Structure formats: structure tokens, C-alpha cells
Amino acid sequence: MHAPRCPSLAVLGVLLLPASASAEPTNENAVPWTASDDVQVDLTAYTEANPPEMNVTAESRPEHLGDKIVFVNFDGADMNGCGNKPQNNCSTIFTGTVLPFEGDAGHRASIVQVVREKVAPFGISVTDTRPTSGDYDMEMVGAWQGVDPGGAAGVAPGIDCWDSSGGQTSFTMINGNAEAVAEVILQEIAHTWGLAHVDDMGDLLFPTTQGMGKVFKDACIQIVSDTNLTPSSSGCSHHQQACGSNSRQNSYQELLMIFGPGVPDTTPPTVEIVEPADGSQFPSGTQVDVTIVLDDNQTPMLFTTRLTLEGSSLPEPQEQVADYAGPADYTFGLAGLPDGQYTVTFEVSDEEDN
Ligand SMILES: [Ca+2]
Ligand SMILES: [Ca+2]
Ligand SMILES: [Zn+2]
């Protein structure tokens, strides 16, 4: 069970009234309710078959946690051969249409969460919303319309020593689990920061998709020129500074040199119950639709949400914990409740347990 240290909270009181006057109060409480020993609380909204309705709130983000902004573009774009700057969807690699990523909001947020975790030590922030100004990298994540990428999982315009060219466009063409997609994103974008391929399956710069749980390793590793792992060297002086050699790379230390240390997200998320109003009363047997708005300083965000339903008709509070992508609003249908007075509480935490 997930227990947020400092959760954001929203509380709602709801009253279900009996349809007729025949319902007898069974205790001395002034609130009429029907007691039962086999209370069934049907939180249908929390089952996988009945996911809550989601409405994404599109706002201009992000808060800039680090100076380097990575924009993960899942929405597709028509690419133009105008260089490699993201601002006008420029790319010298591909000038066709990148299709929208075939993955829902939850999958997209899970991918970004993995990318965020792996760049957390460095001054880099990650968003799925295009910045309205300033310099940023753009990773196009999606299939190329009508083009077979020839087995390539991703592609970048080249090795940009010290990220001296600033923001650039690169591509991830595969789909799969969040870890697999995130690792391709990170390798392509790391090339546009100056990192070369290395001979270590545990490093994100290993030249194939073999291996899992890769990180930017804090170790000097042999640079290689191809997937046959042919030893090589690179002209970027950050290799020399980190490892005293042009033929070895310390991915972790070199990113720290280029971007500085990470800036943690300390801004807690917010949750607000917008429907129904506190103290609302409903006819007996009504499904009560509860709509919440989840928001955070970062987007996308995987929110961990805890719903608690307490009521005089329930032998004990009902509790459900689940993850939802946002910022967005969700509607939960509370159905099958006996008459009574209920309190619905939502607690929410962000990816950093704020
Ligand atoms: Ca660059
Ligand atoms: Ca936050
Ligand atoms: Zn590569």
C-alpha cells in the first residue's frame, strides 16, 4: 500500500436519502439509513473493465526544473528538412509524417516517468507538452508513415559534443513496454548531448536494444563504433575530462558536466472534487458520479490516488489505491450504495511522493 508522506487531500460529504418514508432508521442516528450485514459497495470505476472517464487538461507547461528541456512528442508531426531544430519540426533525417504514438495517456506517462527517473541526477526536465518559448530538445516518438525504418529502434542527427548546438530533433520508432521505449528515447537524445556508444549492456549508450534496466553508468567504458562493438574513440573533450581518454566514456559524469545536477520536484500535486457539491443529497439507489481534477507542476504525471469511502452504512471504510495519468479530470461512479451518509476522500501524490 502506498502511503504518501504529505498527500494532497480533497474531502466530500454525500448523503443518500431513501426514496420513501418507509425506510426505518435502525439506530438513534437522525440520519435515515438502511442497515445491512452484507453491504456491497460497488466502486465500479476502479475495476479495469470500467476505467474512469478521463479528460486531459491541455495547458502550457512545464515548470522548468532543469535548464535543459526534453519535449517527448507523442502527438505526431509533419517533419520539415529545415535543419534539426525542433521549433518548426525540422529534421534532416526524415521529412515525412511521424504518426501519433500508439499508446494511451497512461502508457505515455509511464514512459516519461522512466525517462525522468534516469535523468533525475542531471539538470534536465521532461515534458510531453511543447514549450512555448526557449530552447528544447524534441524526441519524436511514433511510427513513420509509409516508411520502414529498417529495423532501427531510433535515430539521432549525430554526436553533439557538449550539447553545443542546443536543442535538436531525434526519433524513437519502436513501441513496447515503458522501460524499452524510454531507453531508446534516452539513447537518441543522449547522442544529441554528445554521448557515443559504449561496450556495456547496462549503459543506456549500448548500441543495441539488448539488456534492460539500463542507466547512465558512473564508470569509464570503452567507446565503440558499431553494433559489433568495434573499439573506437570520439573527439568530444568531455570524454578526456571524465576518463582521461578519447576512447572511454563516463555517461553519468559527462552529463553532470554538461547539464549540472538535477533539481528535484518538490511541488505537491493538487486534487479537487468538483462534482458533486459537498453535502449533496441524492434519491435512493442513485449512482453518484464523483469528478476530481488532478493537477501538478509537471506533465505528464503519474498520480497515485487513494479513494476512501466512509459511511454509517458501511461496516468499515472502503479504500482503493490506483495510479492515474494527468493532469486530467476523472469521474468515478459510486453505485450500489445503501441509503446513508457518506464521506468520499481523495488523497493524491506525484511521482516523487510529494
Ligand atoms: Ca544538442
Ligand atoms: Ca510535482
Ligand atoms: Zn545510438
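**Asp137 and its surroundings**

I began with the contacts of Asp137 in this predicted model. Setting aside neighbours within four places in sequence, I found Asp137 in contact (heavy atoms within 4.5 Å) with Lys68, Ile69, Val70, Phe71, Pro86, Gly166, Gly167, Gln168, Ile189, Thr192 and Trp193. Asp137 sits in strand 7, residues 137-141; helices (H or I, at least four residues) and strands (E, at least two) are DSSP runs numbered from the N terminus. Is Asp137 buried or exposed? I read a relative accessible area of 0%, so Asp137 is buried (buried is under 20%, exposed over 50%, partly exposed in between, with a 1.4 Å probe and protein chains only).

I then looked up the polar contact of its side chain: the partner is the side chain of Trp193, at 2.8 Å. The term covers N or O atoms within 3.5 Å; within protein, one must be able to donate a hydrogen and the other to accept it, and residues adjacent in sequence count only if both atoms are side-chain atoms.

Local features need pLDDT of at least 70 and side-chain atom pairs 80 or more, while totals for chains, interfaces and linings use all residues; side-chain values use heavy atoms, without hydrogens and water.

**Aromatic pairs**

Rings of Phe, Tyr and Trp (its six-membered ring) pair if their centres lie within 6.5 Å; planes under 30 degrees apart are stacked, over 60 edge-to-face, the rest tilted. I get 11 aromatic pairs by this rule. Phe71 and Tyr136 are edge-to-face, because their centres are 6.1 Å apart and their planes at 70°. Phe71 is in strand 3 and Tyr136 in the loop between strand 6 and strand 7, so this pair ties together parts 65 residues apart in sequence. Phe71 is buried at 3% relative accessibility, and Tyr136 at 2%.

Trp193 turns up again: Trp193 and Phe259 pair edge-to-face, 5.1 Å centre to centre with 75° between the planes. Trp193 is buried at 0%, and Phe259 at 16%.

**Helix 4**

Which residues of helix 4 (251-259) are buried? I noted Ser251, Glu254, Leu255, Ile258 and Phe259. Just after helix 4, Gly260 has a positive phi of about 75°.

Key. Residues numbered from 1 in each chain as written. Chains lettered and ligands numbered in written order.
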